[in-house]
Amino acid sequence: MVPSFIHMLIFIVIPIIIGLVISFYDYNPLSSTNSFIGFQNYVRLLSDEDFKVAFLNTFQFTFVTVALNIILALFFATIISQFHSNTTRSFFRMVFFLPCIAPMVATAIVFNRSIYPTTTGLLNMIRNAIGLSSVNWLGDPSKAMIAVIAYTIWVDVGYNTILFSAGIDGIPAQLYEAAELDGASEWKKFTKITFPLLGRTFQFVIVQTLISHFQMFAQFAVLLYKDGPNNSGLVLSRYIYKMAFEYKDMGYASAVSMVLFIVILIISVIEQKMTKVDWEY
């Protein structure tokens, strides 16, 4: 386990400590003097309207996408598990997983240039064909986040589908056989066997998806121009990047990063306590 601990120390623990230290400085990498300012960066957060917008947008995006992702992934995994042929199950798993292995920047560009445009986008062409008016998906403040959420679900749902599918395959078949002998319907088998026995898979999926979605960045940077109209697509990951690399205010960016780190830590701990599983089969 020593190599794993060394990896964690170098690439996780030390960067977190360095980020915490930098957050107490007025740090600019291009400056020869970086003065210690204590908690001023954190006090500044309280009056920063852009930070408040990014904070709320991050929570909105994360909880909507995580909820939809898990519901759809569980639905698809349940459907896939109904096929008796291993070849058929493997085929559909591959189909759902393909967006996950495609570069996110490349697929985001495709959505930006081919799916979402107002006049030439595929979505609006379909809407026009059925008599509906075009929608400015990326230019309307009320639609920009919806467009990003839809793209995120498409690109990420396959990963959790594979996890849930593996979890369902790991449930002993004799439990379903006994339920069938008792005349249980498919819905009863799902609610009384599949769903309860996916507890450990659920715990892992929820934590990993929450952590991943809180930190998502690429689709916001590619799909939305300047964080969308009225900052409707500004999230904490994008705000950290903007402050650190566009404005070179790395001390303040580190403070925002620490806030994001603490939020993810608290939510992860709460989720693990709420979904604690103590059983064997």
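Two rings of Phe, Tyr or Trp are taken as a pair if their centres lie within 6.5 Å. The views below show a predicted model.

**View 1. An aromatic cluster of phenylalanines.** One aromatic cluster is formed by Phe 51, Phe 55, Phe 59, Phe 63 and Phe 214. Under the pairing rule, the model holds 26 aromatic pairs.

**View 2. The edge-to-face pair of Phe 24 and Phe 39.** The ring planes of Phe 24 and Phe 39 stand at 85 degrees, with the centres 5.1 Å apart. Because an angle over 60 degrees counts as edge-to-face, this pair is given that description. Both residues belong to the loop between α1 (2–22) and α2 (40–46), and the pair links distant parts of the chain, 15 residues apart. Phe 24 is buried, with a relative accessible area of 18%, whereas Phe 39 is exposed, at 58% relative accessibility.

**View 3. The stacked pair of Phe 83 and Phe 92.** In this aromatic pair, Phe 83 and Phe 92 lie 5.2 Å centre to centre, with 10 degrees between the planes. Planes under 30 degrees apart count as stacked, and the pair of Phe 83 and Phe 92 is therefore placed in that class. Phe 83 is partly exposed, with a relative accessibility of 31%. Phe 92 is likewise partly exposed, with a value of 28%.

**View 4. Arg 44 over the ring of Tyr 252.** Here an arginine faces an aromatic ring: Arg 44 lies over the face of Tyr 252. The distance of Arg 44 from the ring centre of Tyr 252 is 3.7 Å.

Technical notes: Residues numbered from 1 in each chain as written. Predicted model: local features only at pLDDT ≥ 70, side-chain atom pairs only at ≥ 80, totals over all residues. Heavy atoms only, no water. Phe/Tyr/Trp six-rings, centres within 6.5 Å; stacked < 30°, edge-to-face > 60°. Helix = DSSP H or I, 4+ residues; strand = E, 2+ residues; numbered from the N terminus. Buried < 20%, exposed > 50% of the residue type's maximum accessible area, 1.4 Å probe, protein only. Lys NZ or Arg CZ within 6 Å of the ring centre and 35° of its normal.
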